[in-house]
Amino acid sequence: MRIEVLTIFPEMIKSVLESSIMKKAQERGCLEVNVINIRDYTEDKHRTVDDYPYGGGSGMLLKAGPIFSAVDELKKKDELRILMTTPKGRVFNQDMALDLSLEKKKIVFICGHYEGIDERVRILLKPEEVSIGDYVLTGGELAALVVIDASVRLIPGALGNDRSSADDSFSGQINTGLLEYPHYTRPAEFRKLKVPRMLLSGNHKKIAAWRRKRTLFNTLMKRPDLLENLDLTAEEAGFLNEIKTRKFGCKKRSYANGCS
Ligand code: ADE
């Protein structure tokens with residue numbers, strides 16, 4: 001993944017990308033990131049990146065000029081996929097992370113700040129607008145970092161071993177769209193709570209079946225919406241129906257018909 005981040009707070013981005021897994025991903029050659037200070041593309045002596053909104057109103061807007069100059073320079077060297085972090089965007093999810101992790105073009109993040117960005121950036125550059133949720137941050141930097149982190153960890157080899165991102169909650173390969181089963185490590189007993197016996201059995205087939213059930217159970221308890229369009233085996237649907245009946249006193253025994 002090759003990324004350019006356009007921001008007026010480059011240190012904010014660098015501090016995260018220069019530590020931990022993001023740093024390792026760069027060392028492993030899975031990720032190339034460059035941070036561009038939008039202020040470096042201003043032309044006035046005060047290096048102005050923001051200005052008052054036409055028509056009045058509170059707050060300042062990022063000016064279009066410096067952003068365009070930075071993007072124009074990038075366009076000379078590479079084919080770009082431009083993203084803009086904004087609370088008005090499409091809400092980011094795991095599918096989008098996977099899509100970005102496979103992107104061959106250079107990905108450019110434009111991080112908004114203050115009250116927003118001059119609308120002409122959106123109209124002319126046509127960035128994909130991405131939100132990380134229905135709340136408003138002080139700027140788009142944290143949002144860009146969230147999107148980068150979730151995407152980079154899906155690049156094969158970025159985490160150091162291919163399995164670790166393959167079967168986690170939401171990721172596509174093993175527990176498609178479900179919440180993961182619980183994990184335990186030593187000691188086998190902690191504050192009178194024992195590790196489930198099945199995990200100590202050494203029987204990998206039974207352990208896999210137990211994990212699948214716990215995955216379904218967790219998802220039913222915490223995010224039942226994720227189960228809606230899922231292809232379940234008859235046994236799995238029966239298992240979920242049984243839990244629903246027991247937990248919620250549902251009389252109808254068909255999970256497909258729902259009883260919540
Ligand atoms: N900038 C401010 N709030 C944001 C959000 N929720 N997502 C993306 N960018 C933002």
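Q: What places glutamate 180 in a loop, and between which elements does this loop lie?
A: Glutamate 180 is found between α7 (163-166) and β9 (189-190), where helices are DSSP runs of H or I with at least four residues and strands are runs of E with at least two, both numbered from the N terminus. This is a predicted model, in which local features need pLDDT of at least 70 and side-chain atom pairs count only at pLDDT 80 or more, whereas totals for chains, interfaces and linings use all residues. Residues are numbered from 1 along each chain as its sequence is written, and side-chain values use heavy atoms, with hydrogens and water left out.

Q: Why is glutamate 180 called buried?
A: The relative accessibility of glutamate 180 is 16%, and buried means under 20% relative accessible area, while exposed means over 50% and partly exposed lies in between (1.4 Å probe, protein chains only). Glutamate 180 therefore counts as buried.

Q: What makes the pairing of the side chains of glutamate 180 and histidine 183 a polar contact?
A: These two side chains are joined at 3.2 Å, and a polar contact is a pair of N or O atoms within 3.5 Å; within protein, one atom must be able to donate a hydrogen and the other to accept it, and residues adjacent in sequence count only if both atoms are side-chain atoms. The contact between glutamate 180 and histidine 183 is accordingly listed as polar.

Q: Where in the structure is proline 187, and what kind of peptide bond joins arginine 186 to this proline?
A: Proline 187 also has its place in the loop between α7 and β9, and the bond that joins arginine 186 and proline 187 is cis, with omega at about 5 degrees.

Q: Why is glutamate 4 counted as buried?
A: Glutamate 4, which is found in strand β1 (residues 2-7), has 5% relative accessibility, so this residue counts as buried. The side chain of glutamate 4 makes a polar contact of 2.9 Å with the side chain of lysine 106. Leaving aside neighbours within four places in sequence, glutamate 4 is in contact (heavy atoms within 4.5 Å) with residues including Asn34, Ile36, Leu74 and Phe109.

Q: Why is leucine 83 called buried, and why is glutamate 128 called partly exposed?
A: Leucine 83, in strand β5, has a relative accessible area of 2% and is therefore buried. Glutamate 128, in strand β8, has a relative accessible area of 34% and is therefore partly exposed.

Q: Which residues are around the ligand?
A: Among the residues around the ligand are Thr85, Val130, Ile132, Gly133 and Tyr135, a residue being near if one of its heavy atoms lies within 4 Å. Strand β5 (80-91) and strand β8 (128-131) each supply at least two residues of this shell, and β5 gives the most, with three residues.

Q: Which backbone atoms lie by a nitrogen atom of the ligand, and how much of the ligand does the protein cover?
A: A backbone N or O atom of tyrosine 135 lies 2.8 Å from a nitrogen atom of the ligand, and for isoleucine 132 the corresponding distance is 3.0 Å. The protein covers 96% of the 270 Å² of accessible area that the ligand has on its own, as calculated by the Shrake-Rupley method with a 1.4 Å probe; for residues, only the protein chains shown count as cover.
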